[in-house]
Amino acid sequence: MHELSIISSVVDSVMESLAAYPGARVKEVRLRVGALAAVVEDSLQFCYGIATEDTPLAGSVLVVKTLPVRVHCVPCGQDVEIESLQSFRCPVCGEPAADLRQGRELEIESIEIEEAEEAVGP
Ligand SMILES: [Zn+2]
């Protein structure tokens with residue numbers, strides 16, 4: 001499953017970031033996902049639940065932020081938001097626009113952690 005491999009790499013990078021904070025737990029992970037990345041949020045959430053079991057991420061919240069597709073329109077001289085993924089045309093002037101500027105992102109926007117409390121001894 002596409003989403004599972006995405007989530008595995010997300011969990012891997014979060015774990016790497018956590019290495020600097022021994023004992024810390026993750027509260028929230030925010031992802032930025034472009035509308036063209038072809039992922040289903042429900043599947044991401046489902047895979048996240050499985051992939052974070054028995055890790056410091058267990059029980060944390062996954063927030064998925066979908067980014068609209070933006071292309072650069074030459075006649076208009078600006079970046080415009082595509083309204084329908086069926087037709088890559090500038091909604092302002094109607095010209096075909098294929099110069100993709102946003103929409104394929106799949107990245108971690110932020111990670112919220114809870115640092116370990118002061119050690120009270122073993
Ligand atoms: Zn245009």
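A residue is called buried when its relative accessible area is under 20%, exposed when it is over 50%, and partly exposed in between, as computed with a 1.4 Å probe on protein chains only. Helices (H or I, at least four residues) and strands (E, at least two) are taken as DSSP runs and numbered from the N terminus. The structure is a predicted model, in which local features need pLDDT of at least 70 and side-chain atom pairs count only at pLDDT 80 or more, while totals for chains, interfaces and linings use all residues. Residues are numbered from 1 along each chain as its sequence is written, and side-chain values use heavy atoms, with hydrogens and water left out.

In helix α2, the buried residues are Leu 44, Cys 47 and Tyr 48. Seen down the axis of α2, these buried residues fall within an arc of 110° (taken from the directions from the helix axis to the C-beta atoms), so they line one face of the helix. An α-helix has 3.6 residues a turn, so residues three or four places apart point the same way. On the other side of α2, by contrast, Asp 42 and Phe 46 are exposed. The buried residues of α2 pack against α1, β1 and β2, where contact means heavy atoms within 4.5 Å.

Strand β1 (residues 25-34) runs parallel to strand β2 (residues 61-67), and seven bridges join the two; strands are said to pair if DSSP finds at least two bridges between them. Between β1 and β2 the chain passes through helix α2 (residues 41-51), and this β-α-β crossover is right-handed, meaning that, with the strands pointing away from the viewer, the path from the first strand over the helix to the second runs clockwise. Within the pairing, Leu 31 stands opposite Val 64 in β2, and Arg 32 stands opposite Lys 65 in β2. Strand β1 is also joined to strand β6 (residues 106-114), by eight bridges and in the antiparallel sense, with Glu 28 opposite Glu 112 of β6.

A nonpolar core is a set of buried Ala, Val, Leu, Ile, Met, Phe, Trp, Tyr and Cys residues joined through side-chain atoms within 4.5 Å. The largest such core has 19 residues, and those with the most contacts inside it are Ile 7, Val 29, Leu 44, Leu 57 and Leu 62. The elements α1 (2-18), β1, α2 and β2 each give two or more residues to this core, and the largest share, six residues, comes from α1. Leaving aside neighbours within four places in sequence, Val 29 is in contact with residues including Val 10, Val 14, Tyr 48, Leu 62 and Ile 108. A second, separate core of seven residues includes Val 69, Val 71, Cys 73 and Val 80.

An open sheet of three strands has the order β4-β3-β5, with antiparallel pairing. Its edge strands, β4 (78-81) and β5 (99-102), each pair on one side only. Strand β3 (residues 70-73) is paired with β5 over three bridges, and His 72 has Asp 99 as its bridge partner in β5.

Two residues other than glycine have positive phi values. Ala 38, with phi near 55°, is found in the loop between β1 and α2 and is exposed, with a relative accessible area of 57%. Asp 54, with phi of about 60°, lies in the loop between α2 and β2 and counts as exposed at 80% relative accessibility.
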